[in-house]
Amino acid sequence: DPNNKETIDALTKFHYGASSAAYYLEFYGDLMQRLLYRKWPKMVETTTNIYMNSPVMQKMPDETREEFRNMTREELAEMMVAIMSIAAMVGPRTLMEEAMGRSAFPNYDGHKTHEIDAAKIWDGLDLDDANEVKQFLFEVGRLYLPVATTHRVATEAFTVTMRNGKECKFPKGTKVVVPMCLGMVDENVWGPTTFEFDHNRANLCPYSMMFNSVGDDHAGRICPGRAIALEMGIDMLTQLGKVRRSSGGSGTGNTEKPNAVTGY
């Protein structure tokens, strides 16, 4: 219930006040818990109970069923806490902060992308055109991907020819990082305006990798919350944009430095 202050306060405290995503990190999470967040286990329990007692979850039968992967209501709630912490509470917030000009675009070497003020562009959108607002969000995500990489685990040994011509062999089980962020600023794909902001550019949505896919194409693993995140983002930018304009707001400029990721 979004109107239940006690519930919302508990969720906000855990997800945003206690860096909930870090709880699930191997090694680093244990260290963080020892040094900073000793109440993590209790907060996870509280959050699990909130999800487990939600109206939707209450409709789940008490007995395990194959259609629910034989999971109990509590097990499903625990999984939801992890999903919400790792993905749902991080990606959309990162994207929206960028779209509203609260953080800077990356400082790509030799370009002025970091000087772009997303808030000023937001101020100029037709807020009654949901498609234009959507395109704006996708262009923000192109220049600053909320989730910069994904990964695959090699199912067999493989060999890669490096740039210097040397062949390197990797065993089965090797974790391969896929830097989606680099694909979003590949000049072979996006052309001479790659490092500029143009939410009307061709193939913006079909080629976007913002949701762990290429547009609607994927290999069986796409962001399950894509539709919710997009609808929420469009609604927020539309409604807050109208309030911003009615109150005489204007572009605020970038106020934070981007995270440093190799070349990103």
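Tutor: Rings of Phe, Tyr and Trp, the last by its six-membered ring, form a pair if their centres lie within 6.5 Å. In this predicted model, Tyr 23, Tyr 24, Tyr 37 and Trp 40 form one aromatic cluster.

Student: How many aromatic pairs does the structure hold?

Tutor: The structure holds nine. One of them is formed by Phe 105 and Phe 197.

Student: What makes Phe 105 and Phe 197 a pair, and why is the pair called tilted?

Tutor: The ring centres are 6.2 Å apart, and the cut-off is 6.5 Å, so the two rings count as a pair. The planes of Phe 105 and Phe 197 stand at 50°. Stacked would need under 30 degrees and edge-to-face over 60, so tilted is the class that remains.

Student: Where in the chain do Phe 105 and Phe 197 lie?

Tutor: Phe 105 is in the loop between helix H6 (91-99) and helix H7 (118-123), and Phe 197 is in the loop between H10 and H11. The pair links distant parts of the chain, 92 residues apart. Both residues are buried.

Student: Why is Trp 190 called buried?

Tutor: The relative accessible area of Trp 190 is 7%. Buried means under 20%, so Trp 190 qualifies.

Student: How do you know that the side chain of Trp 190 makes polar contacts with backbone oxygens?

Tutor: The side chain reaches the backbone oxygen of Gly 183 at 3.1 Å, and a polar atom of the side chain lies 3.2 Å from the backbone oxygen of Met 184. The limit is 3.5 Å, so both distances fall within it.

Student: Why does Phe 27 count as exposed?

Tutor: Its relative accessibility is 65%, and exposed means over 50%, so the term applies to Phe 27. Phe 27 lies in the loop between helix H1 (5-15) and helix H2 (28-35).

Student: Which phi values do Phe 27 and Asn 212 have?

Tutor: Phe 27 has a positive phi of about 65°, although it is not a glycine. Asn 212, also not a glycine, has a positive phi near 60°. Asn 212 is found in the loop between helix H10 (187-190) and helix H11 (226-246).

Student: How do helix H3 (residues 40-52) and helix H5 (residues 73-88) cross?

Tutor: Their axes come within 8 Å and cross at roughly 115°. The crossing of H3 and H5 is right-handed. Among the residues making the contact are Val 44, Thr 47 and Thr 48 of H3 and Arg 73, Ala 77 and Met 84 of H5.

Student: What kinds of residue make up the contact of H3 with H5?

Tutor: The contact residues divide into seven nonpolar, two polar and three charged.

Notes. Residues are numbered from 1 along each chain as its sequence is written. This is a predicted model: local features need pLDDT of at least 70, side-chain atom pairs count only at pLDDT 80 or more; totals for chains, interfaces and linings use all residues. Side-chain values use heavy atoms; hydrogens and water are left out. Axes are lines fitted to C-alpha atoms, for helices over the stretch in contact, and angles run from 0 to 180 degrees between N-to-C directions. Helices (H or I, at least four residues) and strands (E, at least two) are DSSP runs, numbered from the N terminus. A crossing is left-handed if the near helix is turned anticlockwise from the far one by less than a right angle, and right-handed if clockwise. Contact means heavy atoms within 4.5 Å. Ala, Val, Leu, Ile, Met, Phe, Trp, Tyr, Cys and Pro count as nonpolar, Asp, Glu, Lys and Arg as charged, and the others, Gly among them, as polar. Buried means under 20% relative accessible area, exposed over 50%, partly exposed in between (1.4 Å probe, protein chains only). A polar contact is a pair of N or O atoms within 3.5 Å; within protein, one must be able to donate a hydrogen and the other to accept it, and residues adjacent in sequence count only if both atoms are side-chain atoms.
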